Amino acid sequence: MSAVTADAIARLLARRGYRLTGPRRHLLEVMEGMGDHFAADDVLSAAPEVGRATVFRTLRLLQELGVVCQVVLDQGALAYRLAPEEHHHHLLCVECGAVQDFSSDALEAVFEDVQARTGYAVEAHRLEVYGRCPDCLARDGVPRDGPAPDGVARVGGSRAG
Ligand SMILES: [Zn+2]
Ligand SMILES: [Zn+2]
Ligand SMILES: [Zn+2]
């Protein structure tokens, strides 16, 4: 399911001078087979021969290297996901749990604006978008390309300010 493969990640890390050997490489392949996102416990039970400490150390290392990212599920639980090389955000389907990456220049400009207006040196931001994926909408009988009832794209969340 994930567009990011263990092979691609291993090549990327090799270019940066890291070599994933033995259990780490194995864990990466296990994660590749786990679909859109996974919990640390999923990795533990899928690779019982790898110790718990190694699983958590490897997850942390892969996060630091930017090849595994955290996903905040709609109930607030943390999951993990193989990450593409570039900066991105997540679209999560609250019905089937699918996760898709997206990026947006317009969105990134917002954070530059925040930095300019607040004087903060903005170092990072996290944003997840929740909704229902096209497959779930189609299954529920909602036309894919139809406009929202009021003709305006419906966006979740409140609009403060
Ligand atoms: Zn990600
Ligand atoms: Zn869905
Ligand atoms: Zn961003």
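Student: Which loop holds Gly97, and is this residue buried, partly exposed or exposed?
Tutor: This is a predicted model, and in it Gly97 is found in the loop between β3 (89-93) and β4 (99-102). A residue is called buried if 20 or more other C-beta atoms lie within 10 Å of its own, and exposed if 12 or fewer do. Gly97 has 15 C-beta neighbours inside 10 Å, so Gly97 counts as partly exposed.

Student: How far apart in space are Gly97 and Tyr130, C-alpha to C-alpha?
Tutor: Along the sequence, Gly97 and Tyr130 are separated by 33 residues. In space, the distance between the C-alpha atoms of Gly97 and Tyr130 is 9.8 Å.

Student: In what order do the helices and strands of the chain follow one another?
Tutor: The secondary structure of the chain comes to 6 helices and 5 strands. Read from the N terminus on, the elements run α-α-α-α-β-β-β-β-α-β-α.

Student: What is the bridge partner of Val68 in β2?
Tutor: The strands β1 and β2 run antiparallel and are joined by 5 bridges. Of the 5 residues of β2, 4 are buried, so this strand is largely enclosed by the rest of the structure. The bridge partner that Val68 has in β2 is Leu82.

Student: Which residue in the hairpin of β1 and β2 takes a positive phi?
Tutor: The hairpin has 5 residues between its two strands. The residue there with a positive phi, near 100 degrees, is Gly76.

Student: Why can the buried residues of α4 be said to line one face of the helix, and within what arc do they fall?
Tutor: The buried residues of α4 include Val55, Thr58 and Leu62, whereas Arg52, Ala53, Arg60 and Glu64, on the other side of this helix, are exposed. The buried residues of α4 pack against α2, α3 (40-46) and β1. Seen down the axis of α4, its buried residues line one face because they fall within an arc of 70 degrees.

Student: Which elements are included in what covers the buried residues of α2?
Tutor: In α2, the residues Leu27, Leu28 and Met31 are buried. They cover an arc of only 100 degrees around the axis, which puts them on the same side of α2. What covers the buried residues of α2 includes α1, α3, α4 and β2.

Student: How many residues of α5 are buried?
Tutor: Helix α5 (residues 105-118) has 14 residues, which at 1.5 Å a residue should span 20 Å, and its end C-alpha atoms are 20 Å apart, which agrees. Gly119, whose phi is positive, near 80 degrees, follows α5. This helix is hardly covered, and the count of buried residues among its 14 residues is 0.

Student: What percentage of the residues of the chain count as buried?
Tutor: Among contacts between residues at least 6 apart in sequence, 48% join residues at least 24 apart. The chain has 161 residues, and the share of them that count as buried is 16%.

Definitions and conventions:
Residues are numbered from 1 along each chain as its sequence is written. Chains are lettered from A and ligands numbered from 1 in the order in which they are written. This is a predicted model: local features need pLDDT of at least 70, side-chain atom pairs count only at pLDDT 80 or more; totals for chains, interfaces and linings use all residues. Two strands pair if DSSP finds at least two bridges between them. The expected span of a helix is 1.5 Å times one less than its number of residues. The arc is that of the directions from the helix axis to the C-beta atoms. Two residues are in contact if their C-beta atoms, placed from the backbone, lie within 7 Å.
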